[in-house]
Amino acid sequence: MGVLARYGHLMAGVRDSTPPITLGEGGTPLIRSRRLESRLGVGELYFKLEGMNPTGSFKDRGMVVAVAKALEDECGAIICASTGNTSASASAFGALCGMESIVVVPRGNIAAGKLAQASMYGARVVAISGSFDDALDIVRSLTEMNQVRVVNSINPDRLEGQKTAAFEIIDDLGDAPDDLFIPVGNAGNITAYWKGFTEYRELGNATRLPRMMGYQAAGAAPFVIGHPVEDPQTVATAIRIGRPASWDSAIAARDESGGLIDSVTDEQILDAYSLLAEMEGIFGEPASAASVAGLAKYALDHPETQDRRVVCIITGNGLKDPDRATAQGLNVDESPADSAAVRKILGWQ
Ligand code: AN7
(Lines give C-alpha, C1' and ligand atoms only; values in the text may rest on other atoms or scores of the structure.)
Protein backbone atom coordinates (compact mmCIF):
# COMPACT_ATOMS: atom_id res chain seq x y z
CA MET A 1 0.00 0.00 0.00
CA GLY A 2 1.40 3.42 -0.94
CA VAL A 3 1.29 6.56 1.20
CA LEU A 4 -1.82 7.96 -0.52
CA ALA A 5 -3.85 4.83 0.24
CA ARG A 6 -2.52 4.53 3.78
CA TYR A 7 -2.41 8.15 4.93
CA GLY A 8 -4.13 10.21 2.21
CA HIS A 9 -7.02 11.02 4.57
CA LEU A 10 -4.49 12.88 6.76
CA MET A 11 -3.10 15.00 3.92
CA ALA A 12 -4.34 18.53 3.22
CA GLY A 13 -5.43 18.84 -0.41
CA VAL A 14 -5.91 15.12 -1.07
CA ARG A 15 -9.51 14.33 -1.98
CA ASP A 16 -11.54 11.39 -3.32
CA SER A 17 -10.87 12.76 -6.81
CA THR A 18 -7.07 12.59 -6.30
CA PRO A 19 -5.78 9.61 -8.32
CA PRO A 20 -4.40 6.99 -5.89
CA ILE A 21 -1.19 6.35 -7.81
CA THR A 22 1.70 4.45 -6.23
CA LEU A 23 5.05 2.84 -6.95
CA GLY A 24 5.06 1.18 -3.53
CA GLU A 25 6.55 4.12 -1.64
CA GLY A 26 6.50 4.34 2.17
CA GLY A 27 6.25 1.55 4.71
CA THR A 28 10.04 1.55 5.05
CA PRO A 29 11.73 -0.47 7.81
CA LEU A 30 12.73 0.94 11.18
CA ILE A 31 15.70 -1.22 12.17
CA ARG A 32 17.20 -1.42 15.68
CA SER A 33 20.95 -0.86 15.69
CA ARG A 34 22.96 -3.98 16.49
CA ARG A 35 26.36 -2.44 17.12
CA LEU A 36 26.58 1.34 16.70
CA GLU A 37 24.15 1.90 19.56
CA SER A 38 26.63 0.87 22.25
CA ARG A 39 29.64 2.19 20.36
CA LEU A 40 28.15 5.69 20.11
CA GLY A 41 26.59 5.57 23.57
CA VAL A 42 22.88 5.72 22.76
CA GLY A 43 20.10 4.20 24.88
CA GLU A 44 18.08 2.84 21.96
CA LEU A 45 19.05 3.58 18.36
CA TYR A 46 16.93 2.94 15.26
CA PHE A 47 17.55 3.57 11.58
CA LYS A 48 14.68 4.49 9.25
CA LEU A 49 15.69 3.05 5.89
CA GLU A 50 14.30 5.55 3.40
CA GLY A 51 16.64 4.22 0.72
CA MET A 52 14.19 1.33 0.37
CA ASN A 53 11.64 3.54 -1.36
CA PRO A 54 11.03 2.70 -5.05
CA THR A 55 13.57 5.17 -6.46
CA GLY A 56 15.90 4.75 -3.49
CA SER A 57 15.18 7.87 -1.43
CA PHE A 58 12.59 9.54 0.83
CA LYS A 59 11.61 11.86 -2.02
CA ASP A 60 9.08 9.29 -3.29
CA ARG A 61 6.77 9.90 -0.31
CA GLY A 62 6.20 13.51 -1.30
CA MET A 63 6.57 13.10 -5.03
CA VAL A 64 3.67 10.64 -5.30
CA VAL A 65 1.39 13.27 -3.73
CA ALA A 66 2.73 16.17 -5.81
CA VAL A 67 2.35 14.19 -9.05
CA ALA A 68 -1.10 12.86 -8.10
CA LYS A 69 -2.25 16.45 -7.55
CA ALA A 70 -0.65 17.56 -10.84
CA LEU A 71 -2.53 14.73 -12.58
CA GLU A 72 -5.78 15.66 -10.86
CA ASP A 73 -5.28 19.27 -12.00
CA GLU A 74 -4.57 18.08 -15.57
CA CYS A 75 -1.01 19.41 -15.76
CA GLY A 76 0.84 17.86 -18.66
CA ALA A 77 4.32 18.36 -17.27
CA ILE A 78 6.31 18.58 -14.06
CA ILE A 79 9.59 20.38 -13.44
CA CYS A 80 12.14 20.45 -10.63
CA ALA A 81 15.64 21.52 -9.71
CA SER A 82 17.59 18.79 -8.01
CA THR A 83 20.83 17.58 -6.48
CA GLY A 84 19.72 14.18 -7.83
CA ASN A 85 17.15 12.35 -5.75
CA THR A 86 14.26 14.69 -6.45
CA SER A 87 14.99 14.36 -10.18
CA ALA A 88 15.01 10.55 -9.99
CA SER A 89 11.74 10.49 -8.09
CA ALA A 90 9.97 13.11 -10.24
CA SER A 91 11.00 11.30 -13.43
CA ALA A 92 9.71 7.96 -12.13
CA PHE A 93 6.29 9.27 -11.12
CA GLY A 94 6.15 11.34 -14.31
CA ALA A 95 6.75 8.14 -16.30
CA LEU A 96 4.09 6.30 -14.26
CA CYS A 97 1.53 8.95 -15.18
CA GLY A 98 2.62 9.63 -18.75
CA MET A 99 3.63 13.19 -17.93
CA GLU A 100 6.64 15.00 -19.28
CA SER A 101 9.34 15.47 -16.61
CA ILE A 102 11.91 18.25 -16.84
CA VAL A 103 14.77 18.19 -14.37
CA VAL A 104 17.45 20.86 -13.95
CA VAL A 105 20.60 19.68 -12.20
CA PRO A 106 24.05 21.08 -11.33
CA ARG A 107 26.43 19.64 -13.92
CA GLY A 108 29.20 17.48 -12.42
CA ASN A 109 27.66 17.51 -8.95
CA ILE A 110 25.04 14.79 -9.16
CA ALA A 111 25.74 11.13 -8.34
CA ALA A 112 25.98 8.80 -11.35
CA GLY A 113 23.09 6.56 -10.27
CA LYS A 114 20.69 9.46 -9.92
CA LEU A 115 21.48 10.82 -13.37
CA ALA A 116 21.08 7.31 -14.79
CA GLN A 117 17.67 7.02 -13.13
CA ALA A 118 16.32 10.32 -14.50
CA SER A 119 17.58 9.44 -17.94
CA MET A 120 16.13 5.89 -17.87
CA TYR A 121 12.73 7.17 -16.71
CA GLY A 122 12.72 9.36 -19.81
CA ALA A 123 13.05 12.83 -18.28
CA ARG A 124 14.34 15.89 -20.12
CA VAL A 125 17.55 16.41 -18.15
CA VAL A 126 19.17 19.84 -18.29
CA ALA A 127 22.60 20.00 -16.61
CA ILE A 128 23.50 23.63 -15.92
CA SER A 129 26.97 24.97 -15.26
CA GLY A 130 25.90 26.24 -11.85
CA SER A 131 24.73 25.12 -8.42
CA PHE A 132 21.46 23.61 -7.17
CA ASP A 133 20.51 27.08 -5.93
CA ASP A 134 20.96 28.47 -9.47
CA ALA A 135 18.87 25.56 -10.80
CA LEU A 136 16.02 26.32 -8.39
CA ASP A 137 16.09 30.02 -9.39
CA ILE A 138 15.81 28.96 -13.04
CA VAL A 139 12.93 26.58 -12.31
CA ARG A 140 11.04 29.27 -10.39
CA SER A 141 11.50 31.72 -13.29
CA LEU A 142 10.41 29.18 -15.94
CA THR A 143 7.16 28.37 -14.18
CA GLU A 144 6.13 32.01 -14.27
CA MET A 145 5.82 31.53 -18.02
CA ASN A 146 4.56 28.00 -18.64
CA GLN A 147 1.87 25.45 -17.75
CA VAL A 148 4.03 23.12 -15.74
CA ARG A 149 3.88 22.05 -12.10
CA VAL A 150 6.92 22.62 -9.87
CA VAL A 151 7.55 19.52 -7.76
CA ASN A 152 10.33 20.83 -5.56
CA SER A 153 9.53 20.96 -1.83
CA ILE A 154 8.30 24.56 -2.25
CA ASN A 155 5.21 22.67 -3.49
CA PRO A 156 3.22 22.01 -0.26
CA ASP A 157 1.95 18.64 -1.59
CA ARG A 158 5.51 17.33 -1.27
CA LEU A 159 5.58 18.00 2.47
CA GLU A 160 2.14 16.43 2.96
CA GLY A 161 3.57 13.19 1.60
CA GLN A 162 6.91 13.37 3.37
CA LYS A 163 5.32 13.86 6.80
CA THR A 164 4.09 10.23 6.59
CA ALA A 165 7.55 9.01 7.62
CA ALA A 166 6.94 10.56 11.05
CA PHE A 167 3.57 8.76 11.23
CA GLU A 168 5.28 5.45 10.49
CA ILE A 169 7.91 5.98 13.19
CA ILE A 170 5.19 6.62 15.77
CA ASP A 171 3.18 3.64 14.50
CA ASP A 172 6.27 1.39 14.82
CA LEU A 173 7.56 2.62 18.19
CA GLY A 174 4.16 3.20 19.78
CA ASP A 175 5.19 6.80 20.52
CA ALA A 176 7.56 9.47 19.25
CA PRO A 177 11.29 8.95 19.95
CA ASP A 178 13.27 11.38 22.12
CA ASP A 179 15.45 12.61 19.27
CA LEU A 180 15.31 12.53 15.48
CA PHE A 181 18.65 12.91 13.67
CA ILE A 182 18.26 14.01 10.06
CA PRO A 183 20.38 15.51 7.27
CA VAL A 184 19.39 19.01 6.16
CA GLY A 185 19.77 20.39 2.64
CA ASN A 186 16.88 22.37 1.20
CA ALA A 187 15.17 21.76 4.58
CA GLY A 188 11.90 20.36 3.26
CA ASN A 189 12.31 17.06 5.06
CA ILE A 190 12.99 18.41 8.57
CA THR A 191 9.95 20.65 8.04
CA ALA A 192 7.81 17.69 6.95
CA TYR A 193 8.87 15.45 9.86
CA TRP A 194 8.05 18.15 12.39
CA LYS A 195 4.64 18.65 10.75
CA GLY A 196 4.07 14.89 10.86
CA PHE A 197 5.06 14.47 14.50
CA THR A 198 2.97 17.42 15.71
CA GLU A 199 -0.12 16.44 13.69
CA TYR A 200 0.03 12.78 14.73
CA ARG A 201 0.32 13.76 18.38
CA GLU A 202 -2.67 16.09 18.05
CA LEU A 203 -4.61 13.10 16.71
CA GLY A 204 -3.77 11.24 19.91
CA ASN A 205 -1.29 8.78 18.40
CA ALA A 206 1.70 10.01 20.43
CA THR A 207 2.15 11.45 23.90
CA ARG A 208 5.22 13.54 23.14
CA LEU A 209 7.38 15.12 20.45
CA PRO A 210 11.01 14.48 19.53
CA ARG A 211 13.79 17.03 19.38
CA MET A 212 14.65 17.71 15.73
CA MET A 213 18.43 17.32 15.37
CA GLY A 214 19.41 18.52 11.88
CA TYR A 215 22.86 18.15 10.34
CA GLN A 216 24.38 20.01 7.43
CA ALA A 217 27.75 19.50 5.74
CA ALA A 218 30.30 21.99 7.08
CA GLY A 219 30.93 23.46 3.60
CA ALA A 220 27.20 23.90 3.00
CA ALA A 221 25.83 24.94 6.39
CA PRO A 222 23.73 28.11 5.98
CA PHE A 223 21.60 27.35 9.06
CA VAL A 224 24.70 26.99 11.23
CA ILE A 225 26.34 30.23 10.11
CA GLY A 226 22.99 32.04 9.97
CA HIS A 227 22.96 33.20 6.36
CA PRO A 228 23.06 31.76 2.80
CA VAL A 229 26.30 30.23 1.49
CA GLU A 230 27.34 31.48 -1.94
CA ASP A 231 29.51 28.55 -3.06
CA PRO A 232 28.52 25.45 -1.07
CA GLN A 233 30.95 22.52 -1.14
CA THR A 234 30.73 18.96 0.20
CA VAL A 235 31.26 15.35 -0.89
CA ALA A 236 27.63 14.80 0.11
CA THR A 237 26.33 16.22 -3.18
CA ALA A 238 22.67 15.63 -2.20
CA ILE A 239 22.93 18.35 0.45
CA ARG A 240 25.23 20.73 -1.44
CA ILE A 241 22.74 23.58 -1.03
CA GLY A 242 23.51 27.15 0.02
CA ARG A 243 20.10 28.83 -0.02
CA PRO A 244 17.54 26.43 1.53
CA ALA A 245 13.98 27.09 0.35
CA SER A 246 12.28 26.05 3.62
CA TRP A 247 14.33 28.42 5.80
CA ASP A 248 11.73 29.70 8.28
CA SER A 249 9.95 26.38 8.76
CA ALA A 250 13.22 24.57 9.47
CA ILE A 251 14.16 27.19 12.10
CA ALA A 252 10.68 26.76 13.59
CA ALA A 253 11.06 22.96 13.69
CA ARG A 254 14.42 23.34 15.40
CA ASP A 255 13.26 25.88 17.97
CA GLU A 256 9.78 24.55 18.76
CA SER A 257 11.20 21.06 19.30
CA GLY A 258 14.11 22.24 21.44
CA GLY A 259 16.51 20.71 18.91
CA LEU A 260 19.42 22.07 16.93
CA ILE A 261 20.92 22.34 13.46
CA ASP A 262 24.66 21.74 13.51
CA SER A 263 27.28 20.78 10.93
CA VAL A 264 29.63 17.83 10.36
CA THR A 265 32.78 17.86 8.26
CA ASP A 266 33.18 15.80 5.09
CA GLU A 267 35.63 13.62 7.01
CA GLN A 268 33.05 12.94 9.72
CA ILE A 269 30.43 12.21 7.04
CA LEU A 270 32.67 9.71 5.24
CA ASP A 271 33.66 8.03 8.53
CA ALA A 272 29.99 7.56 9.39
CA TYR A 273 29.27 6.39 5.81
CA SER A 274 31.80 3.56 6.18
CA LEU A 275 30.91 2.77 9.78
CA LEU A 276 27.22 2.40 8.97
CA ALA A 277 27.98 -0.05 6.18
CA GLU A 278 30.61 -2.05 8.08
CA MET A 279 28.96 -2.17 11.50
CA GLU A 280 25.29 -2.33 10.60
CA GLY A 281 25.07 -3.65 7.04
CA ILE A 282 23.35 -0.42 5.97
CA PHE A 283 24.61 1.29 2.82
CA GLY A 284 23.31 4.84 2.82
CA GLU A 285 24.49 7.60 0.54
CA PRO A 286 26.95 10.18 1.95
CA ALA A 287 24.24 12.79 2.67
CA SER A 288 22.36 10.18 4.71
CA ALA A 289 25.47 9.48 6.75
CA ALA A 290 25.37 13.11 7.93
CA SER A 291 22.64 12.11 10.40
CA VAL A 292 24.83 9.34 11.83
CA ALA A 293 27.90 11.61 11.87
CA GLY A 294 25.79 14.17 13.71
CA LEU A 295 24.69 11.61 16.28
CA ALA A 296 28.30 10.49 16.81
CA LYS A 297 29.36 14.11 17.36
CA TYR A 298 26.44 14.90 19.65
CA ALA A 299 26.65 11.74 21.78
CA LEU A 300 30.34 12.35 22.42
CA ASP A 301 29.56 15.66 24.15
CA HIS A 302 26.26 14.57 25.71
CA PRO A 303 26.56 11.41 27.84
CA GLU A 304 22.86 11.65 28.70
CA THR A 305 22.21 10.28 25.19
CA GLN A 306 22.79 6.94 26.96
CA ASP A 307 19.26 7.25 28.32
CA ARG A 308 17.56 8.36 25.13
CA ARG A 309 15.64 6.70 22.32
CA VAL A 310 16.97 7.99 19.00
CA VAL A 311 15.96 7.57 15.36
CA CYS A 312 18.43 8.32 12.55
CA ILE A 313 16.96 8.91 9.10
CA ILE A 314 18.93 7.15 6.35
CA THR A 315 17.48 9.26 3.56
CA GLY A 316 18.95 7.63 0.42
CA ASN A 317 20.51 4.42 -0.88
CA GLY A 318 24.29 4.13 -1.12
CA LEU A 319 24.03 2.41 -4.52
CA LYS A 320 23.17 5.75 -6.08
CA ASP A 321 26.72 7.03 -5.68
CA PRO A 322 29.10 4.20 -6.66
CA ASP A 323 31.92 6.66 -7.41
CA ARG A 324 32.03 7.79 -3.80
CA ALA A 325 32.08 4.21 -2.54
CA THR A 326 34.91 3.39 -4.94
CA ALA A 327 36.83 6.48 -3.86
CA GLN A 328 36.78 5.13 -0.28
CA GLY A 329 39.17 2.44 -1.59
CA LEU A 330 37.86 -0.78 -3.08
CA ASN A 331 38.71 -3.71 -0.84
CA VAL A 332 39.48 -6.26 -3.57
CA ASP A 333 42.28 -8.85 -3.94
CA GLU A 334 42.93 -10.17 -7.45
CA SER A 335 43.69 -13.84 -7.97
CA PRO A 336 44.24 -16.43 -10.69
CA ALA A 337 41.21 -18.68 -11.20
CA ASP A 338 42.32 -21.58 -9.05
CA SER A 339 41.47 -22.81 -5.59
CA ALA A 340 45.03 -22.93 -4.25
CA ALA A 341 45.67 -19.31 -5.18
CA VAL A 342 42.45 -18.16 -3.47
CA ARG A 343 43.34 -20.21 -0.35
CA LYS A 344 46.71 -18.52 -0.27
CA ILE A 345 45.20 -15.01 -0.53
CA LEU A 346 42.79 -15.86 2.30
CA GLY A 347 45.71 -17.03 4.40
CA TRP A 348 44.22 -20.51 4.88
CA GLN A 349 46.51 -23.45 5.50
C1 AN7 B 1 19.71 11.62 0.33
O2 AN7 B 1 17.22 15.77 -4.60
O3 AN7 B 1 17.50 18.44 -2.45
O4 AN7 B 1 16.63 19.03 3.53
O5 AN7 B 1 17.22 17.89 -5.07
O6 AN7 B 1 18.84 13.59 -1.48
O7 AN7 B 1 14.62 18.05 2.42
O8 AN7 B 1 16.49 18.98 1.05
C9 AN7 B 1 17.94 16.18 -1.97
C10 AN7 B 1 18.08 16.29 -0.63
C11 AN7 B 1 18.95 14.48 2.49
C12 AN7 B 1 18.13 16.77 2.21
N13 AN7 B 1 19.33 13.27 2.04
O14 AN7 B 1 16.74 16.88 2.33
C15 AN7 B 1 17.32 16.95 -4.26
C16 AN7 B 1 17.58 17.28 -2.84
C17 AN7 B 1 19.30 12.98 0.73
C18 AN7 B 1 18.86 13.94 -0.20
C19 AN7 B 1 18.53 15.46 1.63
C20 AN7 B 1 18.49 15.22 0.26
P21 AN7 B 1 16.07 18.31 2.33
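Glu74 is exposed, with a relative accessible area of 73% (buried means under 20%, exposed over 50%, and partly exposed in between, with a 1.4 Å probe and protein chains only). The structure is a predicted model, in which local features need pLDDT of at least 70 and side-chain atom pairs count only at pLDDT 80 or more, while totals for chains, interfaces and linings use all residues. Residues are numbered from 1 along each chain as its sequence is written, and side-chain values use heavy atoms, with hydrogens and water left out.

Glu74 is located in the loop between helix H3 (59–72) and strand E3 (77–81); helices (H or I, at least four residues) and strands (E, at least two) are DSSP runs numbered from the N terminus. Although Glu74 is not a glycine, its phi is positive, at about 60 degrees. Ala187, likewise not a glycine, has a positive phi of about 75 degrees. Ala187 occupies the loop between strand E7 (179–183) and helix H9 (188–202) and is buried, with a relative accessible area of 4%.

A backbone N or O atom of Asn186 lies 2.7 Å from a ligand oxygen atom, and one of Gly188 lies 3.2 Å from a ligand oxygen atom. The side chain of Thr315 places an N or O atom 2.7 Å from a nitrogen atom of the ligand. Of the 470 Å² of accessible area that the ligand has on its own, the protein covers 99% (Shrake-Rupley method with a 1.4 Å probe; for residues, only the protein chains shown count as cover).

A polar contact within the protein involves Ser131, a side-chain polar atom of which lies 3.3 Å from the backbone nitrogen of Asp133. Ser131 is situated in the loop between strand E5 (124–128) and helix H6 (132–143) and is buried, at 12% relative accessible area.

The whole structure contains 23 salt bridges (a side-chain nitrogen of Lys or Arg within 4 Å of a carboxyl oxygen of Asp or Glu). In one of them, Arg309 and Glu44 meet at 2.9 Å, N to O. Arg309 lies in strand E10 (residues 309–314) and Glu44 in strand E2 (residues 44–49), so the pair ties together parts that are 265 residues apart in sequence. Arg309 is partly exposed at 22% relative accessibility, and Glu44 is partly exposed at 23%. Lys114 and Glu285 form a salt bridge at 2.6 Å, N to O. This pair links distant parts of the chain, with Lys114 in helix H5 (residues 112–120) and Glu285 in the loop between H12 and helix H13 (286–301), 171 residues apart. Both Lys114 and Glu285 are buried.

Helix H12 (residues 266–280) has 15 residues and spans 21 Å from its first C-alpha to its last, close to the expected 21 Å (1.5 Å times one less than the number of residues). Its buried residues include Ile269, Leu270 and Tyr273. Gly281, which follows H12, has a positive phi near 75 degrees.

Technical notes
Polar contact = N/O pair within 3.5 Å; in protein donor to acceptor, adjacent residues only side chain to side chain.
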